[in-house]
Amino acid sequence: MTATPVRRDTTATGTMPPRARPGRGGIGRTHDRWWTPWLFLVPALAIVVVFILFPFANTLALSATDATLLKPGQFVGADNFVRLWHDDRFRTAMTNSLLYVVCVVPVMVAAPLVLAALANGTTRILGFLRTAYYLPVVMSSVIVGLIWTNLLDSRGLVNQVLDWLGVISEPVPFLSGRWLTLLSAMVVTIWTGLGYYMVIYLAALANIDPALYDAASVDGAGPIRQFLHVTVPGVRTTSALIGLFSSVSAFRVFGEVYILTGGTGGVGGQNITITMLIQQEGTGLQAETGYAGAISVVMFVVLGLLLAGQLWFQRRGGSR
Amino acid sequence: MSRTQKTLRYLVLLAFFLLLAGPLLWQLSLSFKGAGDDLYAQPPQVIPADPTTGNYTGVLDRLPVLLYVLNSGIVALLVVAGNIAGATLAGFALARLRFRFRCLVTGLFVVALLVPIESIIIAQFLLVRSTGLADTLLGVALPTCVAALNVLLMRNGFQVIPAELEEAARIDGAGVWRRFWHVCVPQVRGVMTVVAIFSFVGAWNDFLWPLIVLSSEENYTLTLGLNRLRGTFYSDPRLIAAGTIIALLPILAVFALLQRYFFRGLEAGGIKG
């Protein structure tokens, strides 16, 4: 590489070696001064280092101290983690968040694919339906939570309809009781995610060779068999990816549960999730930031394990 | 496909439509129902019998919704501007300039992408607090004003530009800045739009971070203000409904105007977990 300082990059005159292939690893110069690329990088790099990487390192450090919001705290080794192990709130939160993953992810992988297969097509009405299906995706979890608080209320629309149909004799208390509230929150999460994952599946469907459907049809396969034997294998990679993304976001759930329980996490914190626990322990005047840091580290590790586990599972399953 | 199969297909599609769009339509109907409406009629009534806009004025009178909208708008503007500028500049350098540590820097952005925000949020808050930005809109916007994901998206966008294009400009003597601004940026407008839209939606809808950073009510963003709806109007679902509809209007307008980019962004691999 030549390093002759020529002139300012911004001026128009002066010739440059024409051989260079920027970004492709060829030999040649893309700029004159060594610091030019860093000028381009500074804003993004500064934000990411200061607001993501540094807090990440700091979280690790905090987790080994007894810091509170008001004092820096001292090194206490693994005390926070021992305390976590015996903390009922932590156990509840972990159970709820993991249950969320176990229940929500299979639905997120399967249902949007059915939806995508049915809504795939070029007609106007299908286009309209796809847009309508996507609507919940652009809404904030707070709005979604409020809408469903209305719907699931003991006198809300869901109970009204069930009552009108004669399915129930007295209102179902969707928003009280540990399991029913958790189930309601899961339904809300799924409601928000269906359209999102449908769009991703639609893109995958476009990559399936139409000749496969023709061949299946010649062999006498009906729509359901075509779906099972052509569509499902054809989008396998996408399904794996959606499994990955939806499990990470299910474990991180916050807004829906927060709003449905009115910000409390349910009676005695029975509906609390890991993110809610971090928020409750780490903010406010009594905040124990060191302890919240330890919960954060556990959350990070569990998410890492979830990812690793899924990748391992997919390798073994033989999908690429 | 036979006739019955086709009918069945559209019945299922209709069921999904009712399931996904129905709650919104019900909320809309609820927000216009007046005092003369029986909210709990059997069967449920969709068309208000006593239509009124009183619920909307009621919400606007009692909560400073427009202030919340303004605050959310300021945060969203900062985040969108920061992401477009920061991610485009950095993406260009990573894709089209060669320098020492380029791989390392790219790796840093990938690592940052993988860190779940919830697990560092307390440390982020301590940082923002120590810089005196707690309870400010700038404090809400700063941590997300250049997202690693967007940097990598822009990098991919810049990478697919044919090298010949830039080379031609170089032969004509164009420096780095000119090649960036006049040759490369016009080629990645589509990706920039996607980055802008997703940053906007992310900033507009974010709840956890503003909840942690903001404490005084006059700084509340829309999501925090809405959170108060439930406490304030718990007894009247019509007012809650009106509030959610007001809050939905801006985001629905953006969605309606830029619909194709929403779908294109997802298909381009811009998956956000």
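**Figure 1. Polar contacts across the interface of chain B and chain A.** Nine residue pairs, both members at pLDDT 80 or more, are in polar contact across the interface of chain B and chain A in this predicted model. A polar contact is a pair of N or O atoms within 3.5 Å; within protein, one must be able to donate a hydrogen and the other to accept it, and residues adjacent in sequence count only if both atoms are side-chain atoms. Helix α1 (residues 3-31) of chain B supplies the largest share of the side of chain B that touches chain A, 15 residues. Helices (H or I, at least four residues) and strands (E, at least two) are DSSP runs, numbered from the N terminus. That side of chain B has 76 nonpolar, 15 polar and 17 charged residues. Here Ala, Val, Leu, Ile, Met, Phe, Trp, Tyr, Cys and Pro count as nonpolar, Asp, Glu, Lys and Arg as charged, and the others, Gly among them, as polar.

The model is predicted: local features need pLDDT of at least 70, and side-chain atom pairs count only at pLDDT 80 or more, whereas totals for chains, interfaces and linings use all residues. Residues are numbered from 1 along each chain as its sequence is written, chains are lettered from A and ligands numbered from 1 in the order in which they are written, and side-chain values use heavy atoms, with hydrogens and water left out.

**Figure 2. Buried area between chain B and chain A.** About 9,500 Å² is buried between the two chains, 73% of it on carbon and sulfur atoms; buried area is the accessible area (1.4 Å probe) that two parts lose on being put together, summed over both. In chain B, the residues that lose the most area to chain A are Leu20(B), Arg98(B) and Arg170(B), together 9% of what that side buries. Chain B contributes 108 residues to the contact and chain A 109 residues, contact meaning heavy atoms within 4.5 Å.

**Figure 3. Salt bridges between and within chains.** A salt bridge is a side-chain nitrogen of Lys or Arg within 4 Å of a carboxyl oxygen of Asp or Glu. The whole structure has eight salt bridges over all chains, and one is found across the interface of chain B and chain A. Arg252(A) pairs with Glu118(B) in a salt bridge, with the closest N and O atoms 2.8 Å apart. Within chain A, Arg83(A) and Glu288(A) form a salt bridge at 3.2 Å, N to O. Arg83(A) is in helix α2 (residues 79-85) of chain A and Glu288(A) in the loop between α12 (274-282) and α13 (289-317) of chain A, so this pair ties together parts 205 residues apart in sequence.

**Figure 4. Packing of helices α12 and α13 of chain B.** Helix α12 (residues 222-232) and helix α13 (residues 237-257) of chain B pack at about 170°, their axes 9 Å apart. Axes are lines fitted to C-alpha atoms, for helices over the stretch in contact, and angles run from 0 to 180 degrees between N-to-C directions. The two helices are therefore roughly antiparallel (under 35 degrees counts as roughly parallel, over 145 as roughly antiparallel, 65 to 115 as roughly perpendicular and the rest as oblique). Leu222(B), Leu226(B), Leu229(B) and Arg230(B) of α12(B) meet Leu239(B), Ile240(B), Gly243(B), Thr244(B) and Ala247(B) of α13(B).
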